[in-house]
Amino acid sequence: VWHPDLTEVEKNALQLIYDCLEYPDLLSEDASIREAAEVEIEKVRTFPKLKTVSSGFGSGGSGSNKGGGKKKNKKKGKR
């Protein structure tokens, strides 16, 4: 989260500084090392893809009783 008064150029400059502190290989003279560091940064910034699950909250998934256990019959009586 950036300060709202920062311009886009300032945000990018600060992000580069932070990235170089986190991944010093970004400053390498060797292009392959720089590229590997850029790939690593991209991995860190990419939101993971989640598996879609057919059962979840409210879908009657594992919480329903599908004959796996015995249901208890309560006796109806006067209160």
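What follows is a short walk through the fold and side-chain pairings of a predicted model. Because the model is predicted, local features need pLDDT of at least 70 and side-chain atom pairs count only at pLDDT 80 or more, while totals for chains, interfaces and linings use all residues. Numbering runs from 1 along each chain as its sequence is written, and side-chain values use heavy atoms, with hydrogens and water left out.

Starting with the overall picture, the protein chain has two helices and zero strands. Both kinds of element are DSSP runs numbered from the N terminus, with helices taken as H or I of at least four residues and strands as E of at least two. Helix H1 covers residues 8–22 and helix H2 covers residues 31–45. Of the 79 residues in the protein chain, 8% count as buried; here buried means under 20% relative accessible area, exposed over 50%, and partly exposed in between, using a 1.4 Å probe and protein chains only.

Next come the charged side chains. Side chains of opposite charge can pair when their charged atoms come close. A salt bridge requires a side-chain nitrogen of Lys or Arg within 4 Å of a carboxyl oxygen of Asp or Glu, and by this rule the count comes to one. The partners are Asp 19 and Arg 45, with an N to O distance of 2.5 Å. This pair ties together distant parts of the chain, as Asp 19 sits in helix H1 and Arg 45 in helix H2, 26 residues apart. Asp 19 counts as buried because its relative accessibility is 13%, whereas Arg 45, at 48%, is partly exposed. Setting aside neighbours within four places in sequence, Asp 19 is in contact with Leu 26, Ile 41 and Arg 45, where contact means heavy atoms within 4.5 Å.

Over at the aromatic side, rings of Phe, Tyr and Trp (its six-membered ring) pair if their centres lie within 6.5 Å; planes under 30 degrees apart count as stacked, over 60 as edge-to-face and the rest as tilted. That gives one aromatic pair. The ring centres of Trp 2 and Tyr 18 are 6.2 Å apart and the planes meet at 20 degrees, so the pair is stacked. This pair, too, links distant parts of the chain: Trp 2 belongs to the segment before H1 and Tyr 18 to helix H1, 16 residues apart. Trp 2 is partly exposed at a relative accessible area of 31%, and Tyr 18 is partly exposed at 47%.

Leaving out neighbours within four places in sequence, Trp 2 is in contact with Lys 11, Leu 14, Gln 15 and Tyr 18. The C-alpha atoms of Trp 2 and Leu 14, twelve residues apart along the chain, are separated by 9.7 Å. On the surface, Trp 2, Ile 17, Tyr 18 and Leu 21 form a nonpolar patch with about 440 Å² of accessible area together. Patches are made of residues with over 30% relative accessible area and no salt bridge, joining like charges within 9 Å and nonpolar side chains (Val, Leu, Ile, Met, Phe, Trp, Tyr) within 5 Å. Ile 17 lies in helix H1 and, with a relative accessible area of 48%, is partly exposed.

Ser 28, in the loop between H1 and H2, is buried with a relative accessible area of 19%. Beyond neighbours within four places in sequence, Ser 28 is in contact with Ile 33 and Arg 34. Thr 46 lies in the segment after H2 and is partly exposed at 45% relative accessibility. A polar atom of the Thr 46 side chain lies 2.6 Å from the backbone oxygen of Glu 42.

Key: Accessible areas come from the Shrake-Rupley method with a 1.4 Å probe; for residues, only the protein chains shown count as cover. A polar contact is a pair of N or O atoms within 3.5 Å; within protein, one must be able to donate a hydrogen and the other to accept it, and residues adjacent in sequence count only if both atoms are side-chain atoms.
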